[in-house]
Each structure stands twice: as structure tokens, then as C-alpha cells.
Amino acid sequence: MVDSSHGVHWDRKGHIGAAMTLGNGAVISLSNKHKQNAKSSTEDEIYGADNALPKILWSLEFIRNQGYNMSHTLLYQDNRSAILLEVNGRLSSSKRTKHIKMKYSYIKDQIDRGEVKVEYKGTEDMWVDILTKPKQGKAF
């Protein structure tokens, strides 16, 4: 699961939270401030996926080298616009996306190669939200 919060730091940079599970509990997790500002929450989600993807792919390769037969990994996100950009690439973008083109193109390449599948998971089911913003209440 990868989730981002838009403009939460003093300099209006976003924050990424990501976790990888093998069923129950997090095997790998990360919580980092973005290196660059984003114009929208969709951009922040793409920055987050781009930031987490190398660790996800490394873990997939590690598991394969241990002798397990894994064909791909699932990347859950809660932003449908980001998913469309990552899956469709240029077909879902406008003229004003050159600044994020390399990021969603890299993700799209991994999807096209069959290494990653991106699926939508609702915000209420994204427990990785606790890595991006303060949470409290019944669900937490």
C-alpha cells in the first residue's frame, strides 16, 4: 500500500507512507517527506509510488530468489486519477504533465512488464494512512 498526504509540511511538500505485507503485518514500511513540491494530491500519489517502487521491486526479486514463485506484486492506492496515469500513461494525461512524466512512465513500464499490478483500495481501508497523517478514533 502506498499513500501520500498533500502539502502537509511547513514548506508545503507532501509526505509518503508505504507498507508491504505478506499477508499479516508490515514486512517493510517507510514514511518520508517528498523531495519536491506537487501541484495536486494526484502528483503526490505518483511521487509516493515512484519513491516506494524500487523497494517493492527489490523485495519481489528477493522473494523470487528464495525459491518462491511470485509473478507480480500488488500496489494499492486510494487515488483513482493517479492509478489512471500509472496504468494508461500518456493516454490519461494532459499537456501539462511533463514534470511528472518520468515518474508515471517508470511505473507504467513496470506494469507493462507484469512486475506490478495497481489496484484501487478505498481510503478507509488504507491502514497505511497512519504513516502519513495523525489518525485517531474508532478505526485506529
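Visitor: Where is S59 found?

Guide: S59 sits in helix α1. Helices here are DSSP runs of H or I with at least four residues, strands are runs of E with at least two, and both are numbered from the N terminus. This is a predicted model, in which local features need pLDDT of at least 70 and side-chain atom pairs count only at pLDDT 80 or more, while totals for chains, interfaces and linings use all residues. Residues are numbered from 1 along each chain as its sequence is written, and side-chain values use heavy atoms, with hydrogens and water left out.

Visitor: Why is S59 called buried?

Guide: Buried means under 20% relative accessible area, exposed means over 50%, and partly exposed is in between, using a 1.4 Å probe and protein chains only. S59 has a relative accessible area of 4%, so S59 is buried. Setting aside neighbours within four places in sequence, S59 is in contact with M20 and I28; contact means heavy atoms within 4.5 Å.

Visitor: How do you know that α1 has the reach expected at 1.5 Å a residue?

Guide: The expected span is 1.5 Å times one less than the number of residues in the helix. For the 25 residues of α1 that gives 36 Å, and the helix reaches 36 Å from its first C-alpha to its last. Even so, α1 bends by about 35° at L53, with a proline, P54, following within four residues. That bend is the angle between axes fitted to the seven residues ending at a residue and the seven starting there. Just after α1, G67 takes a positive phi of about 105°.

Visitor: What makes A38 buried or exposed?

Guide: With a relative accessible area of 14%, A38 falls on the buried side of the cut-off. A38 belongs to the loop between β3 (26-33) and α1. Not counting residues up to four places away in sequence, A38 touches H6, E43, D44 and Y47. G14 is 24 residues from A38 in sequence, with their C-alpha atoms 7.3 Å apart in space.

Visitor: Which residues have the most contacts inside the largest nonpolar core?

Guide: They are V2, I46, A52, L75 and V116, in a core of 22 residues. At least two core residues come from each of β2 (15-21), α1 (41-65), α2 (80-88), α3 (101-112) and β5 (116-120). The biggest share, seven residues, is given by α1. Such a core is a set of buried Ala, Val, Leu, Ile, Met, Phe, Trp, Tyr and Cys residues joined through side-chain atoms within 4.5 Å. In soluble globular proteins, nonpolar side chains tend to be buried together.

Visitor: Which residues is V116 in contact with?

Guide: Leaving aside neighbours within four places in sequence, V116 is in contact with L53, L57, H72, T73, L75, Q110 and I111.

Visitor: Which residues of α3 are buried?

Guide: In α3, Y104, I107, Q110 and I111 are buried. They cover an arc of only 120° around the axis, so they are on the same side of α3. The arc is taken from the directions that run from the helix axis to the C-beta atoms. These buried residues pack against α1, α2 and β5. M102 and D112, on the other side of α3, are exposed.

Visitor: What makes D112 exposed?

Guide: D112 has 54% relative accessibility, so D112 counts as exposed.

Visitor: How many salt bridges does a search of the whole structure find?

Guide: The search finds five. One of them pairs K33 with D11, whose closest N and O atoms are 3.1 Å apart. K33 lies in strand β3 and D11 in the loop between β1 (2-5) and β2, so this pair ties together parts 22 residues apart in sequence. E61 and R64 form another, with closest N and O atoms 3.7 Å apart. E61 and R64 are three residues apart in helix α1, about one turn.

Visitor: Why is E61 called partly exposed?

Guide: The relative accessible area of E61 is 38%, so E61 is partly exposed. R64, at 23% relative accessibility, also counts as partly exposed.

Definitions and conventions: A salt bridge is a side-chain nitrogen of Lys or Arg within 4 Å of a carboxyl oxygen of Asp or Glu.
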